[in-house]
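Have a look at the sequence and the fold before reading on.

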Amino acid sequence: SRAPPAKIVEPLCDFPRLSYELFLGAARQYTMAYWRDPNGTLEQAQLDKKALIAAKLRIEPGMRVLDIGSGWGGFGLFLNRHYGCEVLGVSLAPDQVRFANERAEAAGVADKVKFQLIDYRDVNSQFDRVASVGMFEHVGLKNYDEYFSKTWDLLAPDGVMLTHTIGRLRQSGATDKWNRKYIFPGHYLPAVSEMSASLERTGWEIADLEMMRYHYAYTLAEWYRRATLHREEIEQLYDARFFRMWQFYLAGAEQGFRHGNLVNFQFQTVKRRDAVPNTRDYIEAEMLRLLAAEKAPEWHLEKQAAE
């Protein structure tokens, strides 16, 4: 029988849109930021994260990209802005899908960047690139082979897939009860060995694997700082108990990434080993090109419309 869908679970309760912006920022990037400068801003680190993933995807104009678990739409809009590609974002979070489509409409690209409330397993067309950023944590260990078999079918023969996920340095078999009950019900954080074993069973080749150690610790520390600055507003939206639980979650998670067993991985996977260059030089070169383009004056108006 078919396993339940991997859901994007809203933490603690269904946040109103504004409350996300109180600690995530206007772009609402709710995954690890990439801190090239640990003393930099959250906004720059989230932009760096999008540029890094885009560079690993090796996108060209005219390609079709599938964004599994597309969040609030920022990554899909970023890809379209720089490559003119078509993007389909799929998610099981209705509020995120509505908001992402509003952003695409506001940016004037709703004909090329679309977001649908659909299980990734019900997508039937094929794509040149597949991205999954912060969704794999909700797949569940027993469903890994199904996930990688389906994404294999969704990707063109010469395509590239990028999976960005929170993970663990060692196999654990379970996650802590408090987070399972109050923050992300049903989530499971993989070890590299668990993901790589499933990738091997389903036919994939790992072209690149990057271990990211402190990046989420820096991200969570900044989310904690911003949430605390907006304590009064958050308590008015909910109550003091909710705010204390949220602080506890952010502070505890930060320590897990700073001193514990938690890290992030980025798996770049391919069907054909010649789908990407032989060395990693192209990743930094393309990331820096994208970041330089973001600073160009003509990009700012488009960014403001998208965000």
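**Notes on the model**

1. Let's begin with Lys56. Leaving out residues up to four places away in sequence, Lys56 touches Val160, Leu162, Asp208, Glu210, Met212, Gln266, Gln268, Arg280 and Ile283. Keep in mind that this is a predicted model. Lys56 sits in helix H2, which covers residues 42–57.

2. Is Lys56 buried or exposed? Buried: its relative accessible area is 0%, and the cut-off for that label is under 20%. One of the residues it touches, Gln266, also makes a polar contact with it, side chain to side chain, at 2.6 Å.

3. Thr151 is another residue with a relative accessible area of 0%, so it counts as buried. You'll find it in helix H5 (residues 144–154). Setting aside neighbours within four places in sequence, its contacts are Ile68, Met161 and Trp204.

4. Now the salt bridges: the count comes to 19. One of them pairs Glu86 with Arg64, at 3.9 Å from N to O; the cut-off is 4 Å. Glu86 belongs to strand E2 (residues 86–91) and Arg64 to strand E1 (residues 64–68), so this pair ties together parts that are 22 residues apart in sequence. Glu86 is partly exposed at 38% relative accessible area, and Arg64 is partly exposed at 30%.

5. Which residue does Arg273 meet in a salt bridge? The partner is Glu205, with an N to O distance of 3.3 Å. This pair links distant parts of the chain, 68 residues apart: Arg273 is in the loop between strand E7 (262–270) and helix H11 (281–295), while Glu205 is in strand E6. Arg273 is exposed, at 65% relative accessibility, whereas Glu205 is partly exposed, with 27%.

6. Helix H8 is worth a look for its geometry.

7. The closest N and O atoms of Arg225 and Glu222 are 2.7 Å apart. The two residues are three places apart in helix H8, so about one helical turn separates them. In general, an α-helix has 3.6 residues a turn, so residues three or four places apart point the same way.

8. Salt bridges with shared partners join Glu43, Glu222, Arg225 and Arg226 into one network.

9. Last, the surface. Which residues make the nonpolar patch of about 320 Å²? They are Leu169, Ile206, Leu209 and Met211. Met211 is in strand E6 (residues 205–212). Its relative accessibility is 37%, so it counts as partly exposed; to be included in a patch, a residue needs over 30%.

Methods
Residues are numbered from 1 along each chain as its sequence is written. This is a predicted model: local features need pLDDT of at least 70, side-chain atom pairs count only at pLDDT 80 or more; totals for chains, interfaces and linings use all residues. Side-chain values use heavy atoms; hydrogens and water are left out. Patches are made of residues with over 30% relative accessible area and no salt bridge: like charges are joined within 9 Å, nonpolar side chains (Val, Leu, Ile, Met, Phe, Trp, Tyr) within 5 Å. Accessible areas come from the Shrake-Rupley method with a 1.4 Å probe; for residues, only the protein chains shown count as cover. A salt bridge is a side-chain nitrogen of Lys or Arg within 4 Å of a carboxyl oxygen of Asp or Glu. Helices (H or I, at least four residues) and strands (E, at least two) are DSSP runs, numbered from the N terminus. Buried means under 20% relative accessible area, exposed over 50%, partly exposed in between (1.4 Å probe, protein chains only). A polar contact is a pair of N or O atoms within 3.5 Å; within protein, one must be able to donate a hydrogen and the other to accept it, and residues adjacent in sequence count only if both atoms are side-chain atoms. Contact means heavy atoms within 4.5 Å.
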